[in-house]
Protein chains: 2
Amino acid sequence: MDDAAPKTRIQIRNRKVILTAGLEVFSANGFRGATLDQIAREAGLSKPNLLYYFPSKEAIYTALLDALLDTWLDPLRALDPTGDPITEILGYAQRKLALSRDFPRESRLFANEILQGAPMVRDLLKTDLKALVDDRAEVLQNWMDAGLIRRTDPVHLIFSIWSLTQHYADFDVQIRAVLDEEDPFPGAECFLDQLYRSLLEPRAR
Amino acid sequence: MDDAAPKTRIQIRNRKVILTAGLEVFSANGFRGATLDQIAREAGLSKPNLLYYFPSKEAIYTALLDALLDTWLDPLRALDPTGDPITEILGYAQRKLALSRDFPRESRLFANEILQGAPMVRDLLKTDLKALVDDRAEVLQNWMDAGLIRRTDPVHLIFSIWSLTQHYADFDVQIRAVLDEEDPFPGAECFLDQLYRSLLEPRAR
DNA sequence: TCATGATTTGACCGCTTGGTCAAACTCACG
DNA sequence: CGTGAGTTTGACCAAGCGGTCAAATCATGA
């Protein structure tokens, strides 16, 4: 509720330490699966000390989700209606894939929340997220109407980018179990580029 | 461990009732998040009665996962090396999508398990799943070498089908929050068809 | 220096958890 | 009807859970 700007250096440091530890534990176990003791151990603090900085387990969790949602949707917001369509869409997919590579725990935190019915963020999805997607879908639709990219369902196109990119973070264990290479991301970059290029590039007529 | 064929009708019925209840609860909350009391309530049995049919919470969970894994990989096994490549791949994607539509709880159960590091099935992934994927990737590679479909990374192609189809079950809440239509699946079918057709159909040269 | 507020913690609480057990109940079958 | 195996359950347990609290410690600025 009230996170009226923390004042002392210790507060700033410890809140950060706790959020980092919380991210680690929540993303690996989900909200119910995580325990305050785990988070406290990970943070190097005692459990009561944790609850001195955050009023409850849920407060740590929602603080993480709030911070996450913003940065998570930035790549989609950055899609420029005045730019070159193919470059913009491919760039969006690559930026989203980079998020999966660089912030896999954030991706898994979000995936856990959605998988379990989005108890904390369902309303935000129906308002903020829907508004953003509707807006960007219109941009895509305009590009299609102008013949700059091939026609397809813009919303499912956006879904597909979310799905394909987050998959590499969320299903990391499965991918590494199946793949021979150490790092799946170079191959993924290349594949996504090819996939969306062949879907979107207008064909000779 | 030992599920030496249950004998009486009551055993057969109750084991089934418990597994159904367990699927409901585990898929919605993950392993740690689910409780025996929830499962017992869902099954209409008392908690000790549950533990008369299964030795532990984990036993219910692994029984579900075991049964799931088989049916989950069937569509990929069904991919026919002697069939028409595009038809086979598109058919595989559609069959996988149908699984997401008809068995969303199974999909979410599996997603929960993988998300949390696949503690129960990691070994199976590295052996059985990897073997199957390697085998099918070779089939795809042969089709590419024969010029029947365009060249791309066969393993990432398989990943993409998993990702795109399971997304509609696992992220159901998010999709319904954003989409206007009641049922996302007709649109998804159509989009996937278009996506893989444009990726795979050899271009005029 | 000391006083005051910020920080830390051991001990504790009530509740839920997975699991046990002995006793009771049910049911098929001779 | 009776009897023994199969089934069900209330009572219970130890461990773990989120959270509280008073007391101790630390930091800081007058």
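Trainee: Which residue forms a salt bridge with Asp180(A), and how far apart are the closest N and O atoms?

Mentor: Asp180(A) forms a salt bridge with Lys130(B), and the closest N and O atoms are 2.8 Å apart. A salt bridge here is a side-chain nitrogen of Lys or Arg within 4 Å of a carboxyl oxygen of Asp or Glu. This is a predicted model, in which local features need pLDDT of at least 70 and side-chain atom pairs count only at pLDDT 80 or more, while totals for chains, interfaces and linings use all residues. Residues are numbered from 1 along each chain as its sequence is written, chains are lettered from A and ligands numbered from 1 in the order in which they are written, and side-chain values use heavy atoms, with hydrogens and water left out.

Between chain A and chain B the count is two salt bridges. The contact (heavy atoms within 4.5 Å) takes 56 residues from chain A and 56 residues from chain B. On the side of chain A that touches chain B, 26 residues are nonpolar, 18 polar and 12 charged; Ala, Val, Leu, Ile, Met, Phe, Trp, Tyr, Cys and Pro count as nonpolar, Asp, Glu, Lys and Arg as charged, and the others, Gly among them, as polar.

The buried area, meaning the accessible area (1.4 Å probe) that two parts lose on being put together, summed over both, is about 5000 Å² between chain A and chain B, and carbon and sulfur atoms give 65% of it. In chain A, the residues that lose the most area to chain B are Leu115(A), His156(A) and Val178(A), together 14% of what that side buries.
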